[in-house]
Amino acid sequence: MQQAKRLSLIPPYLFGEIARLKRQAIAEGKDLIDLGIGDPDQPTPDEVIAKLGEFVKDPSTHCYDESSNGRVEFLEQAASWFKTRFGVDLDPATELLELIGSKEGLAHIVWATIDPGDLALVPDPGYTVIKVNTLLAGGSVYEFPLFPENGFLPDFDTIPADVAQKAKIIYLNYPNNPTGAIATKEFFEKAVAWARKYDVLIVQDCAYSEVNFDGYKAPSILEVEGAKDVAIEMHSLSKTFNMTGWRIGFAAGNADAIKALNTMKSNVDSKAFAAIALTAGWSLHNASNEESLALIKRRRDILIDGLNSLGWKLEKPKATFYVWAPVPPGYTSVSFAKTLLEDANVLAIPGLGYGPHGDGFVRMSLTVNGDHNGERLAQAIERIRAGVKISW
Ligand SMILES: Cc1ncc(COP(=O)(O)O)c(C=O)c1O
């Protein structure tokens, strides 16, 4: 078998050494505290599972979904949820599209918009799906840096005009993985004005919109007046209701982008399992994520307070599962992650894996398997205190 040449365009996996050390630690029976995985460790709420049991018995969910853009009840419920949550009106027939998780939507919007030679603008550091699919589609990427001093928001003024003119799409992701950064509505206003000026489609990834703490509520870019002219936003139930394995989400916004994405998708997949789509629509209005969020917040507080007691000066992220911690002097992101693993049995992800500007950081996730009340995070801190050489 000869695989397509395009697969060789996928950037190399940067965590080889860390993955090897993880396997070794587990094989040696070490008690690893894994802060690497960004996947909710808590189960999907019981009421959601019960509801799926009901919808699964409806034979109309057993066939191909032949609707144009997804199960109508789901799209209508997504529209009314959007109105309540963000104050934005969406037409379920033209401005919403069912997705098999937001990752699927991110990948396929690239294939629906990028021709060979086209340019996509992506953040560094960033979640890599748009970048990798752009390369696979024969396009190229311009990576714009995210700096802590700008709150990990891009500075549109530093994107050269010729780059902006050439770009077809720009990927934004707030609340952000891996940095935990959040965007204000004012930032989204700037983004929309910039995209309008250069005729670029904004792909805003809102997968973490409901993972909020301390009373914060993440905005949608679609709250900005005129945003629908230039933006499509990806939403997901994965992180909201601990449903990563269910594979359900939706795209919202610009009708032309929704239509192009739908054309692409209808030649690739046959929509989500309708029982899951119906359960998702029900969940948006009826399920609660408060208990899970309270646990994540408890872990966040223990981890941040603990790291700060070791000399870090971290603020508590207002959204996402992630703590983006600068590495202490003398380390790279890889050498620090390696030291954490070898000397403290704590696994964190080296920031370099998210782009060159991630190299001064490690990502620690708050979705920790086997943690009941923050005790594993407290243990991680004590192990770092005892085992890892840190001088600021
Ligand atoms: C920023 C970001 N976007 C999208 C996704 C994909 O989520 P989904 O399960 O909806 O495909 C993830 C998953 O980790 C993510 O971190």
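Contact, as used here for packing between elements, means heavy atoms within 4.5 Å. Helices (H or I, at least four residues) and strands (E, at least two) are DSSP runs, numbered from the N terminus, while axes are lines fitted to C-alpha atoms, for helices over the stretch in contact, with angles from 0 to 180 degrees between N-to-C directions. The model is predicted: local features need pLDDT of at least 70, side-chain atom pairs count only at pLDDT 80 or more, and totals for chains, interfaces and linings use all residues. Residues are numbered from 1 along each chain as its sequence is written, and side-chain values use heavy atoms, with hydrogens and water left out.

Helix H4 (residues 102–113) lies across E2, E5 (167–173), E6 (201–205) and E7 (231–236), and runs at about 155° to E7. These strands belong to an open sheet of seven strands with mixed pairing, in the order E2-E8-E7-E6-E5-E3-E4; two strands pair if DSSP finds at least two bridges between them. At the edges are E2 (96–99) and E4 (140–145), each of which pairs on one side only. On average, neighbouring strands of this sheet are turned by 25° against each other, direction ignored. Strand E3 (residues 119–124) runs parallel to E4 and is joined to E4 by six bridges; Leu121 has Tyr142 in E4 as its bridge partner.

The ligand is surrounded by 13 residues, the closest being Asp205, Ser236, Ser238, Lys239 and Arg247; a residue counts as near if one of its heavy atoms lies within 4 Å of the molecule. An oxygen atom of the ligand is 2.6 Å from an N or O atom in the side chain of Ser236, and for the side chain of Ser238 the corresponding distance is 2.6 Å. For the side chain of Lys239 it is 2.7 Å. The protein buries 92% of the 400 Å² that the ligand exposes when taken alone, with accessible areas from the Shrake-Rupley method and a 1.4 Å probe.

Side chains of opposite charge can pair when their charged atoms come close. The whole structure holds 24 salt bridges, each a side-chain nitrogen of Lys or Arg within 4 Å of a carboxyl oxygen of Asp or Glu. One of them joins Asp34 and Lys22, whose closest N and O atoms are 2.9 Å apart. Because Asp34 lies in strand E1 (residues 33–34) and Lys22 in helix H1 (residues 16–27), the pair ties together parts twelve residues apart in sequence.

Most residues other than glycine have a negative phi, and most peptide bonds are trans. Asp124 and Pro125, however, are joined by a cis peptide bond with omega of about 5°.

Terms used:
Polar contact = N/O pair within 3.5 Å; in protein donor to acceptor, adjacent residues only side chain to side chain.
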